[in-house]
Amino acid sequence: FHVVSDSRIKTILHPTDSAKDLQTLMAIQVTDYQFKDTVVNGKRPQKKWIAQQVEEFYPEAVNTT
């Protein structure tokens with residue numbers, strides 16, 4: 001059982017500024033794409049944020065291994 005987004009395992013520090021958070025999210029471009037490796041990932045189109053762009057605006061939201 002793997003949980004990473006559950007309030008039971010977190011100490012909430014304080015609420016954030018929702019307007020500022022929304023402004024940050026609006027600065028990140030949503031992208032339509034397909035994976036290059038269609039054998040592993042299929043050919044289905046995706047609509048998501050790209051991690052490198054998210055990292056530019058919100059580095060604490062991205063893990064690099």
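Is Lys 47 buried or exposed, and what is its relative accessible area? Lys 47 is exposed, with a relative accessible area of 58%. This residue makes a friendly starting point for a walk through the structure, which is a predicted model.

The overall layout comes next. The chain has three helices and two strands, and from the N terminus on these elements follow the order α-β-α-β-α. The C-alpha trace spans about 45 × 35 × 20 Å along its principal axes. The radius of gyration of the chain is 16 Å, whereas a compact globule of 65 residues would have a value near 11 Å. Of the 65 residues, 8% count as buried.

In general, side chains of opposite charge can pair when their charged atoms come close. Two salt bridges are counted in the model. In one of them, the side chains of Lys 47 and Asp 32 meet, with a distance of 2.9 Å from N to O. This pair links distant parts of the chain, as Lys 47 belongs to strand β2 (residues 46-49) and Asp 32 to strand β1 (residues 30-33), 15 residues apart. Asp 32 is exposed, its relative accessible area being 57%, and Lys 47 is likewise classed as exposed, at 58%.

A salt bridge also joins Arg 8 and Asp 6, whose closest N and O atoms are 2.4 Å apart. The two partners fall into separate classes of accessibility. Arg 8 counts as exposed because its relative accessibility, 68%, is over 50%. Asp 6 counts as buried because its value, 15%, is under 20%.

Phe 35 is partly exposed, with a relative accessible area of 33%, a value that lies between the limits of 20% for buried and 50% for exposed.

With a relative accessible area of 61%, Pro 45 is exposed. Lys 43 is found in the loop between α2 (38-41) and β2 as well. From C-alpha to C-alpha, Lys 43 and Tyr 33 are 9.7 Å apart in space, and they are ten residues apart in sequence. Lys 43 is exposed too, with a relative accessible area of 63%.

Where does the largest share of the lining of the largest pocket come from? Helix α1 (residues 18-26) supplies that share, with four residues. Sorted by class, the lining has four nonpolar, two polar and three charged residues. The volume of this pocket is about 220 Å³.

The last stop is helix α3, which covers residues 51-57 and includes Ala 51. Ala 51 is partly exposed, with a relative accessible area of 42%. In space, 9.1 Å separates Ala 51 from Asn 63, C-alpha to C-alpha, while the two are twelve residues apart in sequence.

Methods:
Residues are numbered from 1 along each chain as its sequence is written. This is a predicted model: local features need pLDDT of at least 70, side-chain atom pairs count only at pLDDT 80 or more; totals for chains, interfaces and linings use all residues. Side-chain values use heavy atoms; hydrogens and water are left out. Buried means under 20% relative accessible area, exposed over 50%, partly exposed in between (1.4 Å probe, protein chains only). A salt bridge is a side-chain nitrogen of Lys or Arg within 4 Å of a carboxyl oxygen of Asp or Glu. On a 1 Å grid over the protein atoms alone, a cavity is a set of points where a 1.4 Å probe fits but cannot get out, and a pocket is an open set with protein on both sides within 12 Å along at least five of seven lines; lining residues have an atom within 4 Å of a point. Grid points are joined across faces, edges and corners, and a volume is the space filled by probe spheres set on the points. Ala, Val, Leu, Ile, Met, Phe, Trp, Tyr, Cys and Pro count as nonpolar, Asp, Glu, Lys and Arg as charged, and the others, Gly among them, as polar. The radius of gyration is taken over C-alpha atoms; the globule rule is 2.2 Å times the number of residues to the power 0.38.
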